[in-house]
Every structure is written in structure tokens, then in C-alpha cells.
Amino acid sequence: MTDKTRRKRAVRKATKGARVKKAPAKKVRRGTHRKAGARAGKAPARRTVSVCFGTCCVQNGARDVKAALEEALRARKLKSGVRVMNGSCSALCDRGPVVRVEPDGVVYTRVTPADAVEMTESHLAGGKVVKRLQALEGPALESMPPVADVGFFREQVLVAMRNRGRIDPDSIEAYIANDGYAALARALTELTPEKIISEVKASGLRGRGGGGFPTGLKWEICRNSPSPDGKYVVCNADEGDPGAFMDRSLLESDPHSVIEGMVIGARGIGADEGYVYVREEYPLACERILRAIETAREYGFLGEDVLGTGFSFDINVVRGAGAFVCGEETALMASIEGKEGRPRPRPPFPAECGLWGKPTNINNVETWANVAPIILRGSGWYASLGTAHSKGTKVFALVGKIVNAGLIEVPMGITLRKIIYDIGGGVPRGKELKAVQTGGPSGGCIPASMIDIPVDYEELARAGSIMGSGGLIVMDEDTCMVDVARYFVAFLEEESCGKCTPCREGVRRMREILTRITEGDGEPGDIDLLTELGMAIKEASLCGLGATAPNPVLTTIRYFEDEYRAHIYDKRCPARVCKALIVYRVVPDKCTGCQRCVRACPVGAISGPRSQPHNLDQTKCIKCGACYEVCKFDAIAGDAIYIE
Amino acid sequence: MKPENKPAKRRGEKTENRPVKEPKSGPDRKIVKKSEMVRLTINGKKVNALKGDTVLEAAREAGIEIPTLCHHEALIPTGSCRLCVVEVTAGGRTRTMASCVTPVADGMRVATDTPRLKRIRRMVVILLEARCPNIAIIKKLARDFGVRKNPFPKDDEDCFLCGMCVRACLEIVGVGAIGIANRGPESEVVPPFSVESGVCIGCGTCAAICPARTFTLEKVFRRRSMHTAGGVESVFRCKVCESHYTGT
């Protein structure tokens, strides 16, 4: 007998009484998925506890939370009355792990395994909500209302994210139970391809990836492009904008919504093959869409003879290789074909000449996710949401200096003010709102004075920005707008494909100038040079990356020129971000010599005996700001360290 | 057809099977059917073009000059230098497009020399001159566009990535021994993985077509002597793809 066996037997003997008898294995019907809690023939569970299994929550320990909940329920003998399941992304991405209890409509955030016992005792067994875990801040939260009353959720209208937080992403049955694939059935049996297209046209759906091109019109052009060899539909899941993660969430949480949209689109256009191009940096999304495609095939929603109607369509998944430029449709197609991912001039457009020369319709993930509800509930319903020219809803990634960060889906036309304050809960720590960056690196910064503009394609363009993929980065008084412009331009410089002169050379030069400015070497002609250069790049670039690259620079110059001037002429950074332009000093009259800053300084730049005003050596100072943070006197004394 | 107009003979290709290249201009241009004709306006002047022509070809045919840098008659245009930009009004919209890759369309109105286009082209030349201040063709462009003082700090590159060498090697020679590696400002023309090309045939087309004269014929082949048992052999090295050849 080995030591290992001896030890195993000893453990088994010691735990003999405590071990729970294993139930006999249930027979599993072939071809179906039986998740924990499948309940054929039993009374339905009174509550469902859904643990968010999106990437962020899993990273923060969602698996352990789920295990702890199941263990606590087992110990309390409640397992049969409560169903614990893997949930789809709850969109409260900075407060994971998120746990949702239905039908109570209660959402718990930042749940740890240690909370499981309290949650079980108090809420699941006792019916009393655990208030301290319900941590959504904002004006509506005094009395811990249910989800539907919380500002963050109340203002949202979920179309693309209709299954958010409600279904197990790996369960096609859950998707079907929530009206999944009903639209496809209708499209294939009740509508003609032309009618499908006219419905999508009438809905007013526009491309959600950023271009905003009318989707139905694009489908129609593709349908009318002659091609005896077949056509393609493509889902653009490259999502390269920093700060945008709605496509990731949709693919991870509701992959079938995308598949259903693509099959309907393929039917309308007359395509027989599709591609989903997922960026390489989304392993979970790729895994889930692949699994969903396999399951959809098993159930007859993909492959030869879809739903027995004679229509055939299948989807391949292709992974990106780390290039933002491959979100551009012609570069994306080159990448799928195995060539270098560089854009080519248009015309011809992909709808006429795309993958391998055949008509190809490319749409963004969110656009595809909107198709099924439109077919099921009608174009009239969809067109009743939104504004005159921007119909429907849009998913925004609300991030940055905001209390409630995450993914929100709201009707077009809602104001930025409502998004930031009613939904987002405002700017944390009492700071003042400065600007909102929309549309990622291709977009622009909208100043706080303009947050009453309604969010739609035309209004944002008029303000100098773009809708883009829906990134909304909130900035406060501590954000340096010149630094923001430099950040985005540096990103685009690295991601430029390098083919055309204005983008390759011009964006690099913009970055050089902005870096100089943030380092205190700005020159009087810089603002004019940036503007002139920016306009040339905007007008002469080969593709959208270059054409929109100057937007962050041009909008910050337009709305925050005083900040540029402060950097260039006064060598000062008003937001106190650009390290080269800030100086930390001790105020001798206010310094009590408590030595807190001396201890905090990582390079020993502050010295001085106790109870005597300290001395800060500028030659050693690395501008980290630790002393400033630590020097916290009461309001009467004020700070003894200030920044100029 | 005059003998000079015949395309260069490719290795191993029988003369009879070579496709005949239709002359695009001059007295030999055939009489065309109406359905093949496209009528557009360039700088207010009515121009007739063939379906499938680009705006650049139509303009040159009409005697209107548009500057180019990455364009060559024998190569498929890519629209990468952006010097040839024109303003195109079609279907109620005006857009700035590269004329070398824009197909002509009926009723199109083209402007080739507006103040806006001049400003754009000038900025393109400024950017090129800042990158390659010592290349003759760029210096000439700078002179033509009146660029005296460059607002940007100057580099000293010997290549402005027009890509003609790459395209020629692929399209004309049919070998494709070199390509553009990396992305953005880090782009460079090299054989795959920057190691000696296994497929270069040493034809020197890349050197001949390069507008920067970066790879002149003299520079392409550099003599190196090798002493072997049988005598002295000369080894040549191609500067572009670094292949080695023996020869006398």
C-alpha cells in the first residue's frame, strides 16, 4: 500500500459520518445540456440565484462565490428550493462578483465567498435582503429598492442586452425559453427575404460599430449585388477601442442572439456562409461563441437545412491577431483571407466586392444582436424608440470618473446629463465633471457645458465627436485634456497600418508635438500646426483610422484651448497631471513637522526634524504625489504641501 | 502595334500566348461602344473615359496633370501616397479621394486643383520631406510645392514606403520575394523575417522601379571574392533581399 492510499483511507474513515450520500447519477438524454438544477418532474425552485460569469467576475472569484453559496445552501438544506446558476454578464463590471436573486429582483455586488452564509441565512432562508451587499450608490438608494427602481437599471431599455444577467450563456435552452430563435422561425416560415430586409430598413437600425450606416440599406445593396458563387455575412467582433467592452459582453453572455441575427441576415441577403471575426484578446468570448455555434448546429439552427426549411447557412470563427486596424472592414476581410491586415481603398465596397471578391455584408456584434427583436416585435416597435434619425437603443460602456461604471443600454436621444447623473450616479469624490469622451480614439471630447445634448449620431457629429462603438469615458477636473489627446494619438500611432502617408507620418508627428507640450517644450506655433496637420490627415487618409485620428486633438483644441495655452505659454498643467509641469512644495507656515510625508516619500526627497517645517529637495523629487496624498490636515490648517 | 509597346517577355512564356495589351491612349485606341463610355467633368471640362478607367487615367488622357508618387503604369494602384487626391462630387456628396484608385462614373464632377487640395498635398510633401529629406525625388517635390522650412524635426530615411518594389516583385515578376513588415511608422521593406530570400531571382526590377533610387543597380550587386579549390569565385549580394549569387 502506498503512502497516498494509506492517507486516503484514513481520511475516509475519519469523515465517515459527515459524508453526504451521493445520489445515483441521473440518465442524461443525448444531445441536450443538463446543467446543475435541471428539474424535470420536480416542483419549480422558489428562487434563482444567478452568479455573473462574465470575464471580470470570474477573475474576481465568481467560481468560489458560487461554490460557497451551493455549500451554504446544502448545509441549510435549502438546495431544492433555490437554484444556483451561472449568469450572463450583469454589466456592473467594476463591482464584481455580482449575484442576482430572482424573482426578488435584488442585485448584490462585490460578493465574497465569506458572504455566502449571511446571504443564505438572511435572504434565501429568512427573506430579508442583505443591505450592506447592495452597494449601488446614487440618489435612489436610500431604502434599498428592488432592481427596477434603481436609477442605474430603471432608465435602461434592454434590446441587444435583453438577456443580461438572466440566462446561462452556455444554455441554448435558456435562450430559447426567452423567445430565442422565435424570430428566426418567423423569418424563415412567414417572411420572404425581401420582407426581412424591408423590416430592417423600416426599423431604422443603423450600424452600431461606429459607422452608423443604415443596416437595411446595406443588406439591400448586398442582396442586389450579383453573385453566382455565393455571398458572405460577417460579424465584426474585433472591438479595438480602448474602453469599449460591449461586444465582449454580448458574445460572452448571449452568443445565440448574435447567431440568430446572422442567420436572419443571411436569409435576407442570400448568403450561405458567415464569419465571426473575434479579436484574439477575448478568449472567453471566442470559446462561448464556438460552443454556441456547435450547439446551434445540433439543434438545427445552423448548417444544412436550417429548421427544415431547405435554407443552408453555417458560421466559421476566425480570430484576430492583435491589430486595432483590423476592425476596419477591408482590413478585416484581408485578415480573414490570410493576407496582411491593411485597409484598401473603397470603392468597391464590401457589399459589392468583399471576401474573395464576393458580396459581403459586415455588421458589428451589437447590430446583429438587435435583428431578432426587430423581426419578432416588428419594425414599428423598434422605430418608436430613439430619435427621428437614430432609432432604437445603444449600448454604452460608461467608464472613467463615474460612480456606477458598466454597460448600459439606453434609447437614443437620452441626454448625456441623464446618463452621467441618473444612471451613472455622478462623479465620485465630489469632483467636478470636465468632459465626456465619446467614440473611443476616433471620437472627441464633449465639454461639461454641453452635456444636455441628446445622444444620437447627428448630434454627436455636430459637436465634433462621433458615436463610435459606444465608449463613454467620463473625465473630471483632475484630467488633463492635452494628456488625453496625447494618449489617444499615441495609441493610434502604434495601430496605424502604415500604408498611407498622412496617417503613418502625420499621426506620429501629432504625437511628437503633444508629447513636447506635456513635457514643457511647447512652442507658440504648436496649436496652429496641430490644427493644420489634423485637418490634412482627416481629409487625405486612406481609411477611417487615419480620417478620425485627429478628432481627439481637434476637439480638445476646440473646447479646451486654454489648457493648451497654459501648457505652452505658462508651462503649467492646470489639472496637475503632466509631471514635467508640476512642482511640489512644502508650505513652511502650515507644516507641523509630523513627518508623515517623510515616511511616504519613496526616494527620500523630504527631510527635516520632527516638529520643524520640512524641506523638499526638488532634485530628488519624482513627482509621484505621495506626500500630497498623505498630508491631510483638517480644513482649518489646510494642506501643508501644495502643487503649482 | 509598335514593337516598343509589347510587354516584356516573361521567362518561359511563349510569344504567341502572351496577352495583347490594349493601348489606352494614342492613335491606336479603338473606337468604343457607347455602353463602354463614361462621361464626367474634370475642372469644368467635359471628359470622355472608358468604363473601368480611374479618375487619374481619365485626367491624364485629357491633358490634366495630377501629381503622384506611388503610381506606376505597370502596377495595380494602391492609393497610398495620397498626393493624387482630388475632390469628387457624385450623388450629391463631395469627398476627397485618391484619383489613382477611384473609378470614373457617369456624371461625376472632379476638381483637381482647389486651394484645399493644394493645402493637403503640401502637407503630404512636408511630411515626406521630414521623413526623407535627402532623397532626390522628395527634394524636387518640396521645391515644386514651395516647402522651404519644415515644421517637423527631420529624420533621414532612405525609403518612403511607396511599396512599388513590393508590388513589382509580385505583380510583374511574379515572385513576391519582399514585403512590408511591421505596422505604422515601424514599417520596412524586407524579405520575410528579414532573412535571406530563398526565391529572389536577382532581376533588379525593384531597383529599377524605386523612385527614391534607394536600390540602384550599382548598389544592388556588391562584389565579394571567395577563394575555393577550383579558383576564385565572385559572390554577388542583393541589397534588397540579401540573396547571394555566384557569377563572373
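The domain assignment divides chain A of this predicted model into five parts: domain 1 (47–154), domain 2 (172–383), domain 3 (393–479), domain 4 (482–568) and domain 5 (583–643). Taken over C-alpha atoms, the centres of domain 2 of chain A and domain 5 of chain A lie 58 Å apart.

Let me turn to chain A as a whole. Chain A contains 25 helices and 17 strands. Its radius of gyration is 28 Å, close to the 26 Å that the globule rule gives for 644 residues, so chain A is as compact as a globular protein of that length. The C-alpha trace of chain A spans about 80 × 75 × 55 Å along its principal axes. Of the 644 residues in chain A, 51% are buried. Among the contacts in chain A with a separation of 6 or more, 71% are between residues 24 or more positions apart.

I now come to one sheet of chain A. In what order do the strands of this open sheet of 4 strands run? The order is 2-1-3-4, and the pairing is mixed. Strand 2 (82–87) and strand 4 (106–108) of chain A are the edge strands, each pairing on one side only. From one strand to the next, the twist averages 20°. Within chain A, strand 1 (residues 47–52) and strand 3 (residues 99–102) pair in the antiparallel sense over 4 bridges. In this chain, S50(A) stands opposite R100(A), a residue of strand 3.

The next residue is A296(A), in helix 12 (residues 283–298) of chain A. Is A296(A) buried or exposed? A296(A) has 24 other C-beta atoms within 10 Å, and the cut-off for a buried residue is 20 or more, so A296(A) is buried. Leaving aside neighbours within four places in sequence, the contacts of A296(A) are I172(A), H256(A), I259(A), F301(A) and L302(A).

Some backbone details deserve attention. The peptide bond between G96(A) and P97(A) is cis, with omega about -10°, and P97(A) sits in the loop between strand 2 and strand 3 of chain A. A cis peptide bond also leads from P347(A) to P348(A), with omega near 0°. P348(A) belongs to the loop between helix 13 (329–336) and strand 8 (360–364) of chain A.

Positive phi values are the next topic. L307(A), a residue other than glycine, has phi near 50°. L307(A) lies in the loop between helix 12 and strand 7 (314–319) of chain A and is partly exposed, with 17 other C-beta atoms within 10 Å. In chain B, S194(B) is not a glycine, yet its phi is positive at about 55°. S194(B) is placed in the loop between strand 7 (188–190) and helix 5 (205–209) of chain B; with 11 other C-beta atoms within 10 Å, S194(B) is exposed.

Chain B itself is assigned domain 1 (32–113) and domain 2 (164–247). Their contact takes 6 residues from domain 1 of chain B and 7 residues from domain 2 of chain B. On the domain 1 side, the classes are 5 nonpolar, 1 polar and no charged residues.

Notes:
Residues are numbered from 1 along each chain as its sequence is written. Chains are lettered from A and ligands numbered from 1 in the order in which they are written. This is a predicted model: local features need pLDDT of at least 70, side-chain atom pairs count only at pLDDT 80 or more; totals for chains, interfaces and linings use all residues. Domain bounds come from an automatic or database domain assignment. Two residues are in contact if their C-beta atoms, placed from the backbone, lie within 7 Å. Ala, Val, Leu, Ile, Met, Phe, Trp, Tyr, Cys and Pro count as nonpolar, Asp, Glu, Lys and Arg as charged, and the others, Gly among them, as polar. Helices (H or I, at least four residues) and strands (E, at least two) are DSSP runs, numbered from the N terminus. The radius of gyration is taken over C-alpha atoms; the globule rule is 2.2 Å times the number of residues to the power 0.38. A residue is buried if 20 or more other C-beta atoms lie within 10 Å of its own, exposed if 12 or fewer, and partly exposed in between; C-beta atoms are placed from the backbone. Two strands pair if DSSP finds at least two bridges between them. Axes are lines fitted to C-alpha atoms, for helices over the stretch in contact, and angles run from 0 to 180 degrees between N-to-C directions.
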